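Subject: A structure for you to look at

Hi there,

Here is the structure I promised to send you. Have a look around it, and then read on for what I found.

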Amino acid sequence: MTTIHLPQGPYTPRTTPLDLAPGATAPDSRTVFSAAHVVADPYADTAPGDPAAVDWESTLAFRRHLWAHGLGVAEAMDTAQRGMGLDWAGAAELIRRSAAEAKAVGGRIACGVGTDQLPDDGTAPTLAEVRSAYEGQLALAEEHGAQPILMASRALARAASGPEDYLATYAHLLRQASEPVILHWLGPMFDPALEGYWGSSDLDAATDTFLKVIAEHPDKVDGIKISLLDAAREIDVRRRLPGGVRCYTGDDFNYPELIAGDERGFSHALLGIFDPLGPLAAHAVRVLDTGDVDGFRALLDPTVELSRHLFQRPTRFYKTGVVFLAWLAGHQDHFTMVGGLQSARSLPHLAKAYELADRLGLFPDPELAEHRMRALLAVHGGAR
């Protein structure tokens with residue numbers, strides 16, 4: 001057995017991966033989406049601030065990988081670097097291509113709908129401009145047969161003067177939607193520009209506004225995705241939802257307990273961490289389908305250390321670790337990200353992510369992962 005000298009110390013990689021072959025059916029006790037990353041074109045001659053150059057074939061191949069394991073794909077979300085390298089033109093093309101691919105393979109897809117075609121220069125648009133931007137993106141998602149996810153909007157956060165503006169904007173959009181949508185509450189730990197969303201920095205007051213939107217339009221809300229990294233608040237909101245409205249956990253710190261649930265309910269899943277954990281996560285939920293909660297927890301609980309590492313502050317840079325693990329796992333041939341975001345995490349951070357993922361058996365080819373980790377160390381002058 002070989003030893004690799006990581007910044008945190010010597011490590012002996014495992015030699016066998018988990019046996020998680022594709023081809024399984026989707027879980028049926030929980031609806032499970034993986035928010036998927038995009039693969040950059042490493043040969044594109046781009047500069048900071050330029051439109052994203054995407055390797056479309058590798059990007060779509062990764063989605064086929066997720067569908068092959070029975071997961072749904074949450075497309076053009078935060079994990080795909082919306083607002084952090086991927087602009088609306090790139091996101092629109094991603095939605096078109098992924099929705100067509102989903103139709104071709106019979107995969108489930110939901111797509112992020114926002115307002116990022118508006119200037120993100122700190123100026124406040126009008127509420128009418130916010131509504132119009134949302135409507136344009138909503139129409140695109142519906143045109144291509146994807147379930148819309150109404151994402152939190154930086155522009156609305158700047159334009160709104162209080163809770164009533166959120167209530168009116170979302171009421172307008174829900175009336176426009178032809179089918180039930182997923183509402184997404186993304187916390188400021190993921191995007192600082194969303195501080196005070198729903199009209200208040202007081203989370204209790206914000207929660208009341210959020211729930212009022214749902215209560216007034218339950219027939220137009222399939223579910224909600226909460227990304228606040230606060231399990232107690234998610235459980236409280238989950239218990240207050242109208243009948244038939246689902247809770248999709250976006251809590252990358254506490255997902256096993258939230259998906260397992262309790263005697264009063266459970267959460268479905270729409271998670272960025274299910275990008276690198278996809279096959280294992282799908283397998284674990286299929287175990288949960290049988291009623292084996294302990295078996296489910298035995299599979300997913302050990303993954304929380306990796307997830308908390310990837311999502312440590314600044315949380316919004318978790319995408320770097322996600323793409324890094326996709327490279328190590330052989331899902332793409334390079335560690336380059338749109339917007340140059342591969343530089344957003346340190347070598348020690350990435351090395352620890354490699355170790356934690358390898359201990360879990362996540363790499364289909366452990367030798368390839370080790371080789372690529374050694375190459376990264378060599379680039380940094382630390383290979384041994």
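To start with, is Cys-247 buried or exposed? Cys-247 is buried, because its relative accessible area is 2%, under the 20% cut-off for that word. Please keep in mind as you read that this is a predicted model.

Cys-111 belongs in the buried class as well, with a relative accessible area of 0%. How many disulfides does the count give here? The count comes to zero, taking a disulfide as a pair of cysteine sulfur atoms within 2.5 Å.

Next, the backbone. Most residues other than glycine have a negative phi, and most peptide bonds are trans.

- Ala-76 is not a glycine, yet has a positive phi of about 55°. You will find Ala-76 in the loop that runs between strand S4 (72–75) and helix H2 (88–105). Its relative accessible area is 0%, so Ala-76 is buried.
- Trp-198 is not a glycine either, and has a positive phi of about 70°. Look for Trp-198 in the loop between strand S7 (181–186) and helix H6 (203–216). Trp-198 counts as buried because its relative accessibility is 0%.
- Arg-313 and Pro-314 are joined by a cis peptide bond, with omega at about -10°. Pro-314 lies in the loop between helix H11 (304–310) and H12.

The crossing of H12 past H13 is right-handed.

Which residues make the contact? From H12 come Thr-320, Phe-324, Leu-325 and Leu-328, and from H13 come Leu-350, Ala-353, Tyr-354 and Ala-357. Sorted by class, the contact of H12 with H13 has seven nonpolar residues, one polar and no charged ones.

Happy exploring, and write back with any questions!

Best wishes

Key
Residues are numbered from 1 along each chain as its sequence is written. This is a predicted model: local features need pLDDT of at least 70, side-chain atom pairs count only at pLDDT 80 or more; totals for chains, interfaces and linings use all residues. Side-chain values use heavy atoms; hydrogens and water are left out. A crossing is left-handed if the near helix is turned anticlockwise from the far one by less than a right angle, and right-handed if clockwise. Helices (H or I, at least four residues) and strands (E, at least two) are DSSP runs, numbered from the N terminus. Contact means heavy atoms within 4.5 Å. Ala, Val, Leu, Ile, Met, Phe, Trp, Tyr, Cys and Pro count as nonpolar, Asp, Glu, Lys and Arg as charged, and the others, Gly among them, as polar. Buried means under 20% relative accessible area, exposed over 50%, partly exposed in between (1.4 Å probe, protein chains only).
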